[in-house]
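Here is a short report on one protein model. Look at the sequence and the 3D view before reading on.

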Amino acid sequence: MTHTHVFIVPRLIDLSVAAEQIVALFSAPQIITFDAPMGAGKTTLVKALCTELGVVDLVSSPTFAIVNEYQTANEQMVFHFDLYRIKDARELSDIGFEEYLDSGNWCMIEWPELAQNSLPEQVVRINIEVDQKEARKITVVW
């Protein structure tokens, strides 16, 4: 059974409210993919989600590192991927992508297109659409 929840966020600064509600939807760590155009707020939403999860590390875009690892206050891990620079799905194995997915920790994946064949069947898919100048429509499907 598929679940869908839609959030309308009037301004990027309001993403923290959506992040709080998104985290509340799940009782265990999830693999989350983010589908949105450049500049729509993927990394900003990941930062807000990490704040809600209690990440104590500085959250930044892993564009060049491909993956950033963050620790929460209760010593859980959150893995943040930016696959924008990945040109071939084989590069995912070089970074141990599947091991991260199998870790039982939160995995947040920006630009997941090349990783589709590596993802498990059960993932949370977040789509961000820019409705107006700053407004965002965030659709969460799981």
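The report covers the ground rules, then a group of aromatic rings, then a pocket.

## Ground rules

This is a predicted model, where local features need pLDDT of at least 70, side-chain atom pairs count only at pLDDT 80 or more, and totals for chains, interfaces and linings use all residues. Residues are numbered from 1 along each chain as its sequence is written, and side-chain values use heavy atoms, without hydrogens and water.

## Aromatic rings

Rings of Phe, Tyr and Trp (its six-membered ring) pair if their centres lie within 6.5 Å; planes under 30 degrees apart are stacked, over 60 edge-to-face, and the rest tilted. The count is 5 aromatic pairs. Phe79 and Tyr100 have ring centres 4.7 Å apart and planes at 70°, so this pair is edge-to-face. Phe79 sits in strand β4 (residues 77-82) and Tyr100 in helix α4 (residues 97-101), 21 residues apart. Helices (H or I, at least four residues) and strands (E, at least two) are DSSP runs, numbered from the N terminus.

Phe79 is buried at 6% relative accessibility. Tyr100 is buried too, at 15%. Buried means under 20% relative accessible area (1.4 Å probe, protein chains only).

Phe81 and Phe97 also pair edge-to-face, with centres 5.0 Å apart and planes at 75°. Phe81 lies in strand β4 and Phe97 in helix α4, so the pair ties together parts 16 residues apart in sequence. Both Phe81 and Phe97 are buried. Ring pairs join Phe79, Phe81, Phe97 and Tyr100 into a cluster.

## A helix at the pocket

Which helix gives the most to the lining of the largest pocket? Helix α2 (residues 42-53) does, with 3 residues. A pocket is an open set of points on a 1 Å grid over the protein atoms alone, where a 1.4 Å probe fits, with protein on both sides within 12 Å along at least five of seven lines; lining residues have an atom within 4 Å of a point.

Definitions and conventions
Buried means under 20% relative accessible area, exposed over 50%, partly exposed in between (1.4 Å probe, protein chains only).
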